[in-house]
Amino acid sequence: MAVGVPLLIVGAPEIARPVLVIAPPGSSVVEILDLVGRADGRILRGTGLAWMAVAVSEHPDFPQRLRDAGAWAVVNASSVAGCPTTREP
């Protein structure tokens, strides 16, 4: 609940823009890499917590793909302090 309420305040993901992916707490780095890979995305960077990462994909339905792959939440990374606001090469 502590993570969920603040996420309701941040913006919705935008197509081809970085998103903050939140996997089930306790997930490993390997598990979030697999989750993002199954959604046909790529990790831009970690967050310091193994179960969260900033990712991007060119698929317009990437947020839904992430949720289908097991993500608990997907939010616009530019809405979260410390996350990139532009795509990295």
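Reply: Let's settle one word before we start: a residue is buried when its relative accessible area is under 20%, exposed when it is over 50%, and partly exposed in between, using a 1.4 Å probe and protein chains only. This is a predicted model, in which local features need pLDDT of at least 70 and side-chain atom pairs count only at pLDDT 80 or more, while totals for chains, interfaces and linings use all residues. Numbering starts from 1 along each chain as its sequence is written, and side-chain values use heavy atoms, with hydrogens and water left out.

Ser57 sits in the loop between strand E3 (52-56) and helix H3 (62-69); helices (H or I, at least four residues) and strands (E, at least two) are DSSP runs, numbered from the N terminus. With a relative accessible area of 6%, Ser57 counts as buried.

What does its side chain reach? The backbone oxygen of Asp40, at 2.9 Å. A polar atom of that Ser57 side chain also lies 3.1 Å from the backbone nitrogen of His59. For reference, a polar contact is a pair of N or O atoms within 3.5 Å; within protein, one must be able to donate a hydrogen and the other to accept it, and residues adjacent in sequence count only if both atoms are side-chain atoms.

Next comes Phe62. Leaving aside neighbours within four places in sequence, Phe62 is in contact (heavy atoms within 4.5 Å) with Val19, Val36, Ala39, Asp40, Gly41, Ala55, Val56 and Ser57.

Just after H3, Gly70 takes a positive phi of about 125 degrees.

Now for the core. A nonpolar core is a set of buried Ala, Val, Leu, Ile, Met, Phe, Trp, Tyr and Cys residues joined through side-chain atoms within 4.5 Å. The largest one has 24 residues, and Val21, Leu35, Val36, Phe62 and Leu66 touch the most other members. Strand E1 (19-22), helix H2 (29-38), E3, H3 and strand E4 (73-76) each supply at least two of its residues, with E3 giving the largest share, 5 residues. In soluble globular proteins, nonpolar side chains tend to be buried together.

As for the sheet, it is open, with 4 strands in the order E2-E3-E1-E4 and antiparallel pairing; strands pair if DSSP finds at least two bridges between them. Strand E2 (42-46) and E4 are the edges, each pairing on one side only. E1 and E3 are joined over 4 bridges in the antiparallel sense, with Val19 opposite Ala55 in E3.

In E4 you'll find Ala73, which is buried at 16% relative accessible area. Ala73 and Pro63 are 10 residues apart in sequence and 8.6 Å apart in space, C-alpha to C-alpha.

Zooming out, the protein follows the pattern α-β-α-β-β-α-β along its sequence, and 37% of its 89 residues count as buried.
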